[in-house]
Structure formats: structure tokens, C-alpha cells
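Dear colleague,

Please find below the structure that I am handing over to you, followed by an account of what was found in it.

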Amino acid sequence: MSLIFACVDIPPEPWVKAIKAEIPDLTIHLWPDVDNPEKVEFALLWGKWDANLNRFPELSALLSLGAGVDHILTLENRPPNIPIIRLGDPALRTGMVEYVLYNVLKFHRRFPEYEEQQEKSLWIERSQTMPYKRTVGIMGLGSLGSACAKTLVGLGFDVIGWSRRKKTINKVGCFYGEQGLGLFLARSEIVVCLLPLTNETRGILNTTNMQKLPAGAFIINAARGGHLIEGDLLALLESEHIAGAALDVFETEPLPANNPLWSHSKVTVTPHVAALVDFDSAATVIAETIRRSREGRPLLNVVDPVRGY
Ligand code: NDP
Ligand code: OXD
């Protein structure tokens with residue numbers, strides 16, 4: 001039994017070590033070096049690449065090295081009918097809550113304005129808004145979105161959320177479906193995108209939708225670059241309808257040096273690091289998938305390829 005590690009730009013050594021510590025008898029091949037393709041049962045995948053997985057006739061699961069699976073669903077030669085597993089690493093929730101909290105508090109407490117003042121040695125006291133008077137809207141109430149929503153509720157924010165299906169989360173105003181989107185956006189003073197990238201959600205942060213946000217709203221995108229139309233955001237920052245943005249993900253990554261977002265005074269750029277996996281906890285989750293598959297037990301975190309997440 002073996003696993004093929006096929007992750008673009010990810011150094012394999014720490015992964016091999018962490019997974020082998022969990023399952024010592026698992027052979028791990030590094031793409032493209034495989035002597036016995038017919039023995040490969042699992043593929044651990046990340047990034048955009050053109051590898052043909054049909055080389056492995058005995059594949060029994062495609063495992064994502066991250067929570068997102070858009071990179072697997074868009075693989076040109078994806079073998080059909082093989083379960084796709086998203087990474088349910090608890091470290092991702094921790095990291096995402098920290099990233100979202102940091103940026104929500106930054107915008108809520110007007111830190112971009114104080115940073116600008118400091119550059120000019122200006123001592124100006126700005127008004128402070130109580131968190132219960134600040135509405136934070138979370139797009140996507142899944143594993144990451146609901147963890148962020150609950151943390152923000154704990155700090156006293158007025159939290160609303162938007163999902164595909166109806167949801168109930170204590171103290172979170174839940175909107176859902178296309179019919180709920182407009183009402184959700186109209187109230188979101190700080191909007192956080194934590195949606196998966198699917199045919200339905202691609203380009204969702206466009207001019208039409210961002211114009212529905214209250215004037216002076218802030219955008220936090222920690223999901224996928226494909227959710228946000230960068231040109232639309234730049235125009236709305238220019239018109240001051242959007243007051244600022246924290247962006248962790250981009251249509252093209254790494255973000256090209258000549259992209260205007262890098263130097264925009266109202267935009268904070270981070271290099272897709274909002275939530276990073278932890279080798280040890282991720283390896284435990286990966287090993288659990290492999291054991292379940294070997295033992296014929298139901299797999300966890302299985303993706304619905306039609307739904308796209
Ligand atoms: P989940 O699959 O747990 O949750 C997805 C949520 O989005 C669900 O609430 C789902 O609704 C909602 N959703 C999906 N499609 C729609 C739609 N068409 N309309 C409204 N709501 C929709 O995902 P995670 O929380 O684990 O992760 C979200 C994304 O975050 C990942 O797909 C990945 O792209 C990104 N990510 C980014 C990281 C980073 O470092 N920047 C790190 C980790 C993840 P419902 O509840 O009704 O099903
Ligand atoms: C993920 C990511 O999907 O890091 O886990 O983007």
C-alpha cells in the first residue's frame with residue numbers, strides 16, 4: 001500500500017516524517033517517482049499541476065492538503081468516482097480565527113487611520129464604536145466561518161452569517177441562499193469571505209454585490225482569490241464605498257509584483273497564510289482517513305463533487 005505526495009511548491013520532508021510517524025508501514029512516493037503505480041492507493045494533493053492520476057488504477061481516495069478542494073475538482077484528468085477528502089485539521093480553525101479576529105479588530109478600532117496619522121505625527125482621537133453596534137457578516141458558515149462567528153459573538157459583536165442552506169447558530173443572525181444574500185450584505189459593515197470556491201461562488205465579491213454593503217464597509221477575503229474581482233474592489237476603494245480590505249488570497253498567486261493591490265494604502269496583503277496546517281495534527285487527520293479506508297469504515301470530510309465543497 002502506498003501514497004503519492006503530489007503537492008506543488010510544498011517541501012515533502014516534514015510531511016513524509018509526520019505521516020510515517022502515524023503509519024510506519026505506508027510507502028510514500030514523491031511525484032513523479034513511482035515504481036509500482038498499481039500499488040498507489042492514496043494521493044495527497046495540493047496546488048495547480050498537470051499530473052495524470054489515471055496512472056494509478058487502484059486509487060481509493062484523493063486527499064487535499066488543505067481545507068479547499070477546488071484544486072482537485074478542477075484537475076483536468078481527475079479519475080471519476082474516487083472520494084475526495086478535505087483536510088479537517090483543527091489547526092486551520094485556530095489560524096483562521098486569529099486572522100479574522102486580528103483584521104476585524106483592526107478595522108473596528110480604526111487602526112488604519114491611526115497608522116496614517118502616525119506617519120504624519122498627528123495626535124487625533126477618533127470615536128470608538130461598541131462591538132454590539134458593529135455588524136460583522138461572515139460569508140460561509142462552515143468549519144471556519146462558524147468558528148469565527150462564535151468567537152466574534154463572544155467578544156460582543158453583532159454577527160450575521162450567510163450559507164447555502166438554513167442554519168442556526170446561537171446569537172448569529174443566519175441568512176441563506178440567493179434570496180438572503182442582499183439582506184445579509186446590506187447589514188455587513190465588515191464582511192469576511194470564508195466560502196469554498198465553486199461555480200456558484202466564483203466572483204461573488206463583484207461590483208453589484210459589494211455595492212450592496214453599507215458605505216464605508218471593509219472586506220476581508222481569506223477564502224480564494226477567485227471570489228473577489230480585484231478590479232471591482234479597486235474601483236470601489238477609489239470611490240470610497242469600500243473603506244479598506246484585508247486580502248490573503250488572490251486570483252494569481254504569488255501576487256505579481258506589479259499588481260496595484262501591493263501598494264494600495266487601503267489594502268493589507270498577506271501571502272495566503274491566514275490559516276496554515278500543522279504537520280502533526282494534519283498528519284493525524286490524514287492517517288485517520290487512510291486507516292478508515294483500509295478498514296472499510298466510513299470516511300470523514302468527504303466532498304460532494306457536484307456541490308463543489
Ligand atoms: P466548509 O465546507 O466547512 O464550509 C463552507 C461554507 O460555505 C458552508 O457554510 C456552506 O453552506 C457555504 N457555502 C458554500 N456554497 C455556498 C453558496 N453557493 N452560497 C452560500 N453559502 C455557500 O469550508 P471551510 O469553512 O472549511 O473552508 C472555507 C474555505 O476557506 C475553503 O474552501 C478554502 O478555500 C478557504 N481556506 C483558506 C485558507 C487560507 O489560509 N486562506 C485556509 C483554509 C481554508 P452550507 O453550510 O449551507 O453547506
Ligand atoms: C486551504 C488553504 O484550503 O490553506 O487549506 O487555502
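Predicted model: local features only at pLDDT ≥ 70, side-chain atom pairs only at ≥ 80, totals over all residues.

Cys193 is buried, at 1% relative accessibility, where buried means under 20% relative accessible area, exposed over 50%, and partly exposed in between (1.4 Å probe, protein chains only). Cys174, by contrast, is partly exposed, with a relative accessible area of 25%. The structure holds zero disulfides, a disulfide being a pair of cysteine sulfur atoms within 2.5 Å. For Cys174, the nearest cysteine sulfur belongs to Cys148 and is 14 Å away.

Residues are numbered from 1 along each chain as its sequence is written, chains are lettered from A and ligands numbered from 1 in the order in which they are written, and side-chain values use heavy atoms, with hydrogens and water left out.

Ligand 1 has 29 residues around it, of which Arg86, Leu144, Arg165, Lys167 and Tyr309 come nearest; a residue counts as near if one of its heavy atoms lies within 4 Å. By class, this shell comprises 14 nonpolar, eight polar and seven charged residues. Nonpolar here covers Ala, Val, Leu, Ile, Met, Phe, Trp, Tyr, Cys and Pro, charged covers Asp, Glu, Lys and Arg, and the others, Gly among them, are polar. Helix H5 (143-154) and strand S7 (158-163) each supply at least two residues of the shell, and H5 gives the largest share, three residues. Helices (H or I, at least four residues) and strands (E, at least two) are DSSP runs, numbered from the N terminus.

A polar side-chain atom of Tyr309 is 2.5 Å from an oxygen atom of ligand 1. Polar backbone atoms of Ser143 and Ala222 also approach ligand 1: that of Ser143 lies 2.9 Å from an oxygen atom, and that of Ala222 lies 2.9 Å from a nitrogen atom. Taken alone, ligand 1 exposes 940 Å², and the protein buries 94% of that (Shrake-Rupley method, 1.4 Å probe).

Around ligand 2 are Trp46, Gly66, Ala67, Gly68, Arg224, His272 and Ala275. Oxygen atoms of ligand 2 lie 2.7 Å from a polar backbone atom of Ala67, 2.7 Å from a backbone N or O atom of Gly68, and 2.8 Å from a polar side-chain atom of Arg224. Taken alone, ligand 2 exposes 200 Å², of which the protein buries 84%.

Yours sincerely

Terms used. Polar contact = N/O pair within 3.5 Å; in protein donor to acceptor, adjacent residues only side chain to side chain.
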